[in-house]
Amino acid sequence: MDMSSGDLNAPHSMGTTIIGVTYNGGVVLGADSRTSTGMYVANRASDKITQLTDNVYICRSGSAADSQIVSDYVRYFLHQHTIQLGQPSTVKVAANLVRLLSYNNKNSLQTGLIVGGWDKYEGGKIYGIPLGGTVLELPFTIGGSGSSYLYGFFDQVWKEGMTQEEAEKLVVKAVSLAIARDGASGGVVRTVTIDKDGATRKFYPSETLPLWHEELEPQESLLDILSTASPEPMIS
Amino acid sequence: VTNSAPSMINLIGSESDSQRTLYPYVTGTSVVGIKYKDGILLAADMGGSYGSTLRYKTVERLKTVGKHSIIGASGEISDFQEIMRNLDELILYDNMWDDGNSLGPKEVHNYLTRMMYNRRNKFNPLWNSLVLGGVKNGQKYLGTVSMIGVHYEDNHVATGFGNHLARPLLRDEWHADMTFEEGVKLLEKCMRVLLYRDRSAVNKLQIAKITEEGVTISQPYALKTFWNFSAFQNPTAGAEGSW
């Protein structure tokens, strides 16, 4: 029994920030792009928002392997379900399939997921599926280690019935704030917006994101600063 | 009612033998229930905690079961959702007989007890403590089942922290044939104490009522709290650094 790492049984969130938000007409899913193995950033431009069907996407956090295999199985089942149904599957069915895998393998899997999409019966829907396999249909939800820094933020700024633009801006701002403080989150902000017309992917490199507290405007080189600065730029 | 130290389980068989739930993830806290003049009252808050984080604040932990009963659950929410799937199926099959008979609270409580105990015997418990209340043919019923299958009926029951904080209040103030108003006030007193003293409590709760007429669950609401004791104003005035 390893004592050094404290309470091993407390749930712990893993590298990533993921967000799912509903708005008036659809949903916006957002995520950072950092995959780490220990302290090393294995992939600085990963895509954590994975497609399940044309109208349903999933945000993955926790173990990359576990979240990928769950997504792959669900995509496989949904594909067959769509053929049998003869029309696009609902977001609820997708979420329930994810639940089955997460709940029935709760002792082996370490992945927190957010399922989001649009169908003609219920419109835009977001389902949060944390560790253990609980499913909760929510107006918005956050996940991953970076989400710890966003609970207060969302408590303050969340409101029902946002426009698509407001919702996208909110998601990008939130992921950006989490990246600023969470070492396990970083890279770029990716979003997927899903409405009645389908899914649209967007990509926000760091230059497009606002600067937060104690962050400086990136420069090409000190030399540029020196050349444009006043007579005494080098402070001793 | 306690669970044995999870680490001991490893001594009784290797990890690879079978799946077993070692610890819960998203949990609900106390449920409190009392019998009153017209039936049963249950109360539970709407929190779903994730370790020490108060993660979900609108989780319905009181659910109707058929026409005569309500179940309240504390513990792992995913296991409660699974229990509800089993119960809904049970009720459905019961209705399909279409014989005018319907499962009452005593039967549902027994079913739950078997479910929980059999899982416990396989070292793979459903990590919940449940309260089951109902009224059928004028008979009031209030029972509880724990994750290891311990079950009993009583005039007032509670799970989790409620065992320590609510039951003393209920023992003192419960009496037979309380009115609805008295019952609600007593439950709210218990819930307020839990709000003060249980870290995983959230200030959004529901109260459920079961009578011969039927089952209803209130809309979510919050309780007022009182902080204006003079002793709270300046508690460390005479002893700086203490608390």
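Biologist: Which residues in helix 1 of chain B are buried?

Modeller: In helix 1 of chain B, the buried ones are B:I77, B:S78, B:D79, B:F80, B:I83, B:M84, B:L87, B:I91 and B:D94. Before we go on: this is a predicted model, where local features need pLDDT of at least 70, side-chain atom pairs count only at pLDDT 80 or more, and totals for chains, interfaces and linings use all residues. Residues are numbered from 1 along each chain as its sequence is written, chains are lettered from A and ligands numbered from 1 in the order in which they are written, and side-chain values use heavy atoms, with hydrogens and water left out.

Biologist: What covers the buried residues of helix 1 of chain B?

Modeller: The cover includes helix 2 (91–104) of chain A, and from chain B strand 1 (26–28), strand 6 (62–65), strand 7 (69–76), helix 2 (105–121) and strand 8 (128–136). Helices here are DSSP runs of H or I with at least four residues, strands are runs of E with at least two, and both are numbered from the N terminus.

Biologist: How do you know that the span of helix 1 of chain B agrees with what it should be?

Modeller: The expected span is 1.5 Å times one less than the number of residues. For the 20 residues of helix 1 of chain B (77–96) that gives 28 Å, and the end C-alpha atoms are 28 Å apart, so the two agree.

Biologist: Why is B:S49 called buried?

Modeller: Buried means under 20% relative accessible area, exposed over 50%, and partly exposed in between (1.4 Å probe, protein chains only). B:S49 has 3%, so it counts as buried. This serine sits in strand 4 (48–50) of chain B and touches B:Y25, B:V26, B:T27, B:L54, B:R55 and B:S200, leaving out residues up to four places away in sequence. Touching is contact: heavy atoms within 4.5 Å.

Biologist: And why is B:F229 called partly exposed?

Modeller: Its relative accessible area is 45%, so B:F229 falls in the partly exposed class. You'll find B:F229 in the loop between strand 13 (214–217) and helix 5 (230–233) of chain B.
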